[in-house]
Amino acid sequence: ANRLLEGWCCSAGKLPTRDEELFQMQIRDKAFFHDSSVIPDGAEISSYLFRDTPKRYFFVVEEDNTPLSVTVTPCDAPLEWRLGLQELPEDSSGDSSGDPEPLEQQRQQMTHEEGTELFSYKGNAVESFASSSSPAGLYQLELLSTEKDTHFKVYATTTPESDQPYPELPYDPRVDVTSLGRTTVTLAWKPSPTASLLNQPIQYCVVINKEHNFKSLCAAEAKLGADDAFMMVPKPGLDFSPFDFAHFGFPPDHLGKERSFLAKASPKLGRPVHPRPKADIQKVCIGSKNIFTVSDLKPDTQHYFDVFVVNTNTNMSTAYVGTFARTKGEAKQKTLELKDGKVTDVFVKRKGAKFLRFAPVSSHQKVTFFIHSCLDAVQVQVRRDGKLLLSQNVEGIRQFQLRGKPKAKYLVRLKGNKKGASVLKILATTRPGKQSFPSLPEDTRIKAFDRLRTCSSATVAWLGTQERNKFCIYRKEVDDNYSEDQKKREQNQCLGPDTRPKSEKVLCKHFHSQNLQKAVTTETVGGLQPGKSYLLDVYVIGHGGHSVKYQSKVVKTRKLC
């Protein structure tokens, strides 16, 4: 059988696989994996990183053409991680009763030789390396946190097809707000196929906070703190069970500098641990129900809601696409005041309506409204002193410029559609040159040049404006049948480039032109695979940091060149 084996810290004898009782005992004894270089096959491990102190894991793939999948989940802080491959030393297996000297030589050889880098990533997203046919050899996973001490999780397997440890998401993975009150919000989502089709036991956990959405349950639990069953840094002698390390090739003199230091020193003498204030965040696990009402919320306050489906057999989880909503204010506050030049988040329930009022304090010639519909289309009406000036459906980002009048007051009516709730960002200003949203051309499409397609690149162009802005372009490989409808289901359109993996970034550039006919830029996206489809996104970032995404474009490279 193909196996992921222990690293250099372990004996050179026969090592346990997932099929052996001893290995099962190790899996149950989670503390063994918290502070060792062991990556077991087919089980998720949790561990920790001190800031600027790298951590390495090793495992052996014994046979060529072995499927391999490695998933790293950062908790609480971005990680840098790399997966490398070294040739397997000839004496990596043998009789465990032999002289331990060759093991020390192997350890030095493994840690000093540079291997072939297979994959690297930097960021806070859940990221995976997957290969359907990996060579035999010694694999090294190195992780580093440069921001702060943090936790992380690692899952590796040589049977990814049959394992399926992470629960699947439904066709539409969005969380919907179905009801909104002053102190309550009702959420609903489509059930995971893992329960209905695979008959595996699952439960849903809902996380509520006032700051942002989370990419993983691990990150939410890190925010919750240690009192919510989240792993603390292991303290030798306390968290470790009476496990005989020497039995697995841990000579007392070779436990590693980190472990031997901790074993000799009192925890009080180590890195100081400062108690964190209790985070304003809740986690509620509700079983298999796919509808939940959150109560005791603060009125007139923005809240962020995330749903995670957890496989209760493996305790591994997958995140739905989270949402946010603002609870209702007092009954008298039926009309929301817009402040000049300030972006306001607005939630409109299905078939509902929301009114916003804009009263500029100074005389003005023009008023500019920026409306960014994050999910589905919304109907927008604008009246000036009772007179209807504008009535349109808005999908994506739109900018409207209206003629002003002295002391005029504007009433904006937002009407939700029949499909579902709407989330918007809206900005009104009398000084369009100083507002937070970037200026946009009338046409926010990305144009692809079919004749300039090659097997490894695609050339695209998009329009700019007279204002100098920063543009960032991102790429993502997708299936050939990928559609814009699919894109809408999968992603809140208001999410900025900071939510994208660094590996998808192509480049960022500044450009503008005083001549609008020349305010166009082209870019060749290289490093693509032949005959593959890619989703290209361009973000324009304003001076205030707010970003707007152009309409996504799917391009396909040529198969033959």
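This is a predicted model: local features need pLDDT of at least 70, side-chain atom pairs count only at pLDDT 80 or more; totals for chains, interfaces and linings use all residues.
A residue counts as buried under 20% relative accessible area, exposed over 50%, and partly exposed in between (1.4 Å probe, protein chains only). Residues are numbered from 1 along each chain as its sequence is written, and side-chain values use heavy atoms, with hydrogens and water left out.

**Disulfide count**
- Taking a disulfide as a pair of cysteine sulfur atoms within 2.5 Å, the count comes to four.

**C455 and C561**
- The sulfur atoms of C455 and C561 are 2.0 Å apart, and 115° about the S-S bond makes this link right-handed.
- This pair links distant parts of the chain, 106 residues apart: C455 is in the loop between β24 (447-448) and β25 (458-463), and C561 is in the segment after β31 (553-556).
- C561 is exposed, with a relative accessible area of 74%, whereas C455 is buried at 13%.

**C472 and C508**
- C472 is joined to C508 with an S to S distance of 2.0 Å.
- The torsion about their S-S bond is about 110°, so this disulfide is right-handed too.
- C472 lies in strand β26 (residues 469-478) and C508 in strand β27 (residues 505-511), so the pair ties together parts 36 residues apart in sequence; strands are DSSP runs (E, at least two residues), numbered from the N terminus.
- C472 is buried at 3% relative accessibility, while C508 is partly exposed at 29%.

Note on methods:
Helices (H or I, at least four residues) and strands (E, at least two) are DSSP runs, numbered from the N terminus.
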